[in-house]
Amino acid sequence: MAIGECIFCAIVKGQAEASIVYEDDAVAAFMDLQPVTPGHVLVVPKAHAVGLEDLDETLGCHMWAAAHRLARALRRSDLRLTSQRHRPQQPSSAPPGEARS
Ligand SMILES: [Zn+2]
């Protein structure tokens, strides 16, 4: 990785190791090295950006659409189903009859 370059740009360019789960012309998605939950995926633009406000609206929407599709796939995967089965039971604060996901 070159000096001054961020790790996400290095991953996108194939100069740093990552488990890529999705990629197109504008964005890439890969597994987080320190996952907070099973299946924790990061979606980044291929062009360097510090924050969401640095993206033009079209790219921001494209990145969000990719994240939405990945979240849907993860939610329906065995990985998420397995992790929910092993999650400790916590008392529900939802009113009776209200579904929680
Ligand atoms: Zn970068």
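Tutor: Start with the turn. Strand 1 and strand 2 are joined by a hairpin through 3 residues. Strands here are DSSP runs (E, at least two residues), helices are DSSP runs too (H or I, at least four), and both are numbered from the N terminus.

A word on the source. This is a predicted model, where local features need pLDDT of at least 70, side-chain atom pairs count only at pLDDT 80 or more, and totals for chains, interfaces and linings use all residues. Residues are numbered from 1 along each chain as its sequence is written.

Now the pairing (at least two DSSP bridges between two strands). Strand 1 covers residues 20-23 and runs antiparallel to strand 2, with 3 bridges between them. Ile20 sits opposite Phe30 of strand 2. Strand 2 also pairs with strand 3, residues 41-45, again antiparallel, over 5 bridges. There, Val27 has Pro45 as its bridge partner.

Look at strand 2 itself, residues 27-31. Of its 5 residues, 4 are buried. Buried means 20 or more other C-beta atoms within 10 Å of the residue's own; exposed means 12 or fewer, and partly exposed lies in between, with C-beta atoms placed from the backbone. Across the protein's 101 residues, 9% are buried.

How far can you trust it? Strand 2 has the highest mean, 98, while helix 3 (residues 78-85) has the lowest, 68.

Last, the setting. The order from the N terminus is α-β-β-β-α-α.

Terms used
pLDDT = per-residue confidence, 0-100.
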